Amino acid sequence: MSSYRTHMQIIGDILLTARDDTPDEQGASITYLIRKANISHGRISKILNNLVAQGLLEQSNSCGACKYKISHVGREFLQAYNTFNKFADGFGLII
Amino acid sequence: MEFFLENILNLVGFVVGLIIGIISYIGFRNTGSPTLFRLTLAFFSIGAGFFIMWLGQTLDIFVYKTGHIERWVQTLGIAIQTVGYFFIAFSHTIKSFFPKSNYLRSIGVVPLFLISFISIENIIRSISFILLAYGAIETILSYFASKRKTAILVACGLWALAFGEFLGWYYFVFPQSILNVVSISMKIAGLIMLFIPVTKVPLTRIKFDENL
């Protein structure tokens, strides 16, 4: 049985997709992120705005469409997220 | 002998609580995770509780020289530890710990003004036991979901702490027995088991928050 993802896990999935799974150099489109991170359009828009505002993602306009790339800060955050996810998992918890 | 062993336990508890608390706090500052914030509160409380008891005993050894820790100091230390155990249990989404009725809530604190420190200590120890047992059960269940071996160590650590609390409570029924030494040894073993998974976290790869 699959369980609901926490907000933190959704952010982790979006950043992971933006880091490891982008289709080209310019980054991933919203549609691509929606499909890969498995999240609705309404929800991902708010999260992406938040991540761009905090400097974890870089936004660029390519052929009239927004593309998202992970930033240097985003990579560091993802590394910290993975480490502390394991730490919390050791206590049987989800961050 | 018991007094000395208890002093070591309190020192180990303080150090383990402080280190896990600091790591949780670093995690919270770097990720903003509420779970890591609750773990920070939990382990800082556990560390603070052990520190108060260690300080009380050390002051008695070097200053007061009565051979036993002040009852109110021991009760305070155990109460603060229980707050920490509560946050561990709360992290496992404990949902209905307190009674919902306002009447029950209002009379719930009345007995605390009517009974002695020994009784309060017994009540706190039994609450600690319930919270620790709950945390241990939830951790074992999470092991079945994730199959992460460190979860077993944490669950065993929480069980050992719970069993130590139980024996410590039972010691009031049979004083002057070996139960207290066994209880303290169980707690030390439990704290060490809680600490082992923390040593496996690769913190050296993390570039820490510069504002920390």
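**Figure 1. Overall make-up of chain B.** Of the 212 residues in chain B, 43% are buried, where buried means under 20% relative accessible area, exposed over 50% and partly exposed in between (1.4 Å probe, protein chains only). This is a predicted model, in which local features need pLDDT of at least 70 and side-chain atom pairs count only at pLDDT 80 or more, whereas totals for chains, interfaces and linings use all residues. Residues are numbered from 1 along each chain as its sequence is written, chains are lettered from A and ligands numbered from 1 in the order in which they are written, and side-chain values use heavy atoms, with hydrogens and water left out. Chain B contains eight helices and zero strands, and its elements follow the order α-α-α-α-α-α-α-α from the N terminus. Helices (H or I, at least four residues) and strands (E, at least two) are DSSP runs, numbered from the N terminus. Of the contacts in chain B between residues at least 6 apart in sequence, 75% join residues at least 24 apart; contact means heavy atoms within 4.5 Å. The accessible surface of chain B is about 11,200 Å², and carbon and sulfur atoms account for 72% of that surface. Accessible areas come from the Shrake-Rupley method with a 1.4 Å probe, and for residues only the protein chains shown count as cover.

**Figure 2. Packing of helices H7 and H8 in chain B.** Helix H7 (residues 149–170) of chain B packs against helix H8 (residues 179–199) of chain B at an angle of about 160°, and their axes are 7 Å apart. Axes are lines fitted to C-alpha atoms, for helices over the stretch in contact, and angles run from 0 to 180 degrees between N-to-C directions. H7(B) and H8(B) are therefore roughly antiparallel to each other; angles under 35 degrees count as roughly parallel, over 145 as roughly antiparallel, 65 to 115 as roughly perpendicular and the rest as oblique. The crossing of H7(B) and H8(B) is left-handed, a term used if the near helix is turned anticlockwise from the far one by less than a right angle, with right-handed used if clockwise. The contact of H7(B) with H8(B) comprises 17 nonpolar, six polar and two charged residues. Here Ala, Val, Leu, Ile, Met, Phe, Trp, Tyr, Cys and Pro count as nonpolar, Asp, Glu, Lys and Arg as charged, and the others, Gly among them, as polar.

**Figure 3. Crossing of helices H1 and H4 in chain A.** The axes of helix H1 (residues 7–20) of chain A and helix H4 (residues 72–90) of chain A cross at roughly 130° and come within 10 Å. H1(A) and H4(A) are therefore oblique to each other, and H1(A) passes H4(A) in a left-handed crossing. Residues of H1(A) in the contact include A:Met8, A:Ile11, A:Leu15 and A:Arg19, and those of H4(A) include A:Arg75, A:Phe77 and A:Tyr81. By class, the contact of H1(A) with H4(A) has seven nonpolar, three polar and two charged residues.

**Figure 4. Surroundings of B:Thr82.** B:Thr82 belongs to helix H3 (residues 71–91) of chain B. With a relative accessible area of 9%, B:Thr82 is buried. Not counting residues up to four places away in sequence, B:Thr82 touches B:Ile124, B:Ile127, B:Ser128 and B:Leu131.

**Figure 5. Partly exposed residues on helices of chain B.** B:Phe166, in helix H7 of chain B, has a relative accessible area of 32% and is partly exposed. B:Phe51 lies in helix H2 (residues 34–64) of chain B and is partly exposed at 30% relative accessible area. The C-alpha atoms of B:Phe51 and B:Asn7, 44 residues apart along the chain, are 9.9 Å apart. B:Glu138, in helix H6 (residues 117–146) of chain B, counts as partly exposed at 24% relative accessibility.

**Figure 6. Loop residues with positive phi.** Most residues other than glycine have a negative phi. A:Asn38, although not a glycine, has a positive phi of about 55°. A:Asn38 is placed in the loop between helix H2 (30–37) and helix H3 (41–53) of chain A and is exposed, with a relative accessible area of 60%. B:Lys147, likewise not a glycine, has a positive phi of about 60°. The loop between H6 and H7 of chain B holds B:Lys147, which counts as exposed at 53% relative accessibility.
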